[in-house]
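I opened the notebook for a friendly walk through this one.

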Amino acid sequence: MSSYKKVKAAYVMDAKSGQTLYDDRGDKELPIASLSKMMTLYLTTQAIKQHQLKWSDKVSVNKQLIKMSKNYALGTFKINRSKQYTVKQLYQAALIASSNSAAIALGEAVTGGDNAKFIAKMNQQAKAWHLDANFISSSGLDNSDLHHYGYQIKGTTANQQNLVSAKAITVVAQHLVDAFPQITKWSSKATYDIGNQTLINANSMLKTGAFYRKSNHLDGLKTGYTEKAHLCLTITYWRHGRQLVATILGSDTTFSAMNGIITHLDKVLNYKTMTEKKQTYRVKHQTVKTTPTETKTGVWYLKNQDPAKISITNKLTTTTLPVKKGSLVTQTSFNHTGLPAATDLGQTATKTVTKPKKSSNTHNVSGINQFFNSIKDFFTHLF
């Protein structure tokens with residue numbers, strides 16, 4: 001069996017179009033260990049963009065998280081005292097060195113110190129994206145570790161852990177990279193210095209790593225490991241000027257398996273550029289105009305398919321008003337590619353469309369009265 005088949009699940013997608021390029025049990029919910037931190041980093045990114053946090057803010061880190069950071073089995077980044085580190089430094093520590101304490105501290109910074117509220121926020125975001133995911137931890141640690149530090153969420157079991165599908169965490173990574181493209185400048189670093197500490201990236205596919213291949217054009221992104229999850233990995237890499245996102249869950253040979261998937265896709269896939277046009281739809285008798293995610297979009301297809309037969313269609317998925325500007329209105333499908341047709345993206349509304357105002361009863365009565373008065377006047381003048 002090829003190395004890339006020796007995994008519990010794998011999923012690869014085009015980061016811009018959302019097109020699925022590879023799916024091996026991608027919908028199965030599994031432990032994902034520290035890949036969970038990508039949702040934490042996404043929500044932190046959104047808090048920064050919404051001016052709830054600043055990169056330069058000093059973060060209050062409680063004694064339990066400082067204690068956790070001293071446990072070498074739970075992370076190599078040591079937090080020496082509260083408010084010593086900025087949001088930016090903790091973000092880098094969570095991303096590059098996979099610091100559990102840093103990730104939890106960021107989640108608490110987003111919600112004003114409320115860890116449970118942040119976990120709820122993670123699950124709400126997953127639900128909004130229609131993902132197969134259940135989070136009980138912002139770091140990816142299991143309750144078997146979290147309970148020692150008072151971070152087991154009330155109502156969860158002693159050994160409960162984050163369960164997320166390969167497709168779902170790939171979509172989280174897609175949103176993270178879209179919200180903060182500069183993240184790859186950090187995730188691609190094998191090492192990075194913060195103060196007097198050096199962050200070590202566990203991704204062996206990066207430059208200087210044992211599984212590095214220059215031809216991959218890899219940005220790195222996030223690794224994860226627990227005894228239950230085994231080695232998990234999400235990467236971003238480039239082909240034909242397109243950024244791809246790939247995830248492997250539950251393997252003992254994840255880095256060689258990821259190289260195997262990349263090699264496999266290079267052998268079986270072709271690529272072409274197609275033009276997608278703006279379209280207009282009717283929702284509750286209102287006109288909704290849309291714009292494609294990309295006017296010139298890239299379409300992947302198996303080499304045994306006829307590229308001349310490939311077509312792009314959009315199915316209206318929004319049925320209620322109002323339709324907010326920028327919201328997804330359709331689901332796009334790339335047809336006759338030999339790959340799954342539907343993507344997770346579509347066309348977006350160009351402006352907010354609301355329900356038409358209904359006439360008041362007073363206005364209707366007035367209109368009826370005017371009608372009968374006009375009839376009365378007609379017959380009065382007739383006789």
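Predicted model: local features only at pLDDT ≥ 70, side-chain atom pairs only at ≥ 80, totals over all residues.

**Entry 1**

I began with strand β9, residues 230-239, and asked how many of its residues are buried. The count is 8 of the 10, so β9 is largely enclosed by the rest of the structure. For that count, buried means under 20% relative accessible area.

Next I looked up the partners of β9. Strand β8 (residues 218-226) pairs with β9 in the antiparallel sense over 8 bridges. Within that pairing I found G220 opposite T236 of β9. The two strands form a hairpin, with 3 residues between β8 and β9.

Strand β10 (residues 242-251) also pairs with β9, antiparallel and over 8 bridges. Here L233 has I248 of β10 as its bridge partner. The hairpin of β9 and β10 has 2 residues between the strands, and in this hairpin H240 takes a positive phi near 55°.

**Entry 2: an open sheet**

I then turned to a sheet of 3 strands, which is open, antiparallel and ordered β12-β13-β17. Which strands are at the edges? They are β12 (279-283) and β17 (348-349), each pairing on one side only. I followed β12 to strand β13 (residues 286-291) and found 5 bridges joining the antiparallel pair. Q279 has T290 in β13 as its bridge partner.

**Entry 3: helix α1**

For helix α1 (residues 37-49) I checked the length. Its 13 residues, at 1.5 Å a residue, should span 18 Å, and the end C-alpha atoms are 18 Å apart, which agrees.

I also looked at how covered α1 is: 12 of its 13 residues are buried. Among them are M38, L41, Y42 and I48. What do the buried residues of α1 pack against? I noted contacts with helices α3 (87-96), α4, α5 and α7 (166-179), and with strands β8 and β9 from my first entry. After α1 comes H51, with a positive phi near 65°.

**Entry 4: a loop residue**

Last, I visited D114 in the loop between α4 (100-110) and α5 (115-128). The D114 side chain reaches the backbone nitrogen of A116 at 3.2 Å.

How values were computed: Residues numbered from 1 in each chain as written. Heavy atoms only, no water. Helix = DSSP H or I, 4+ residues; strand = E, 2+ residues; numbered from the N terminus. Polar contact = N/O pair within 3.5 Å; in protein donor to acceptor, adjacent residues only side chain to side chain. Buried < 20%, exposed > 50% of the residue type's maximum accessible area, 1.4 Å probe, protein only. Pairing = 2+ DSSP bridges. Expected span 1.5 Å × (residues − 1). Contact = heavy atoms within 4.5 Å.
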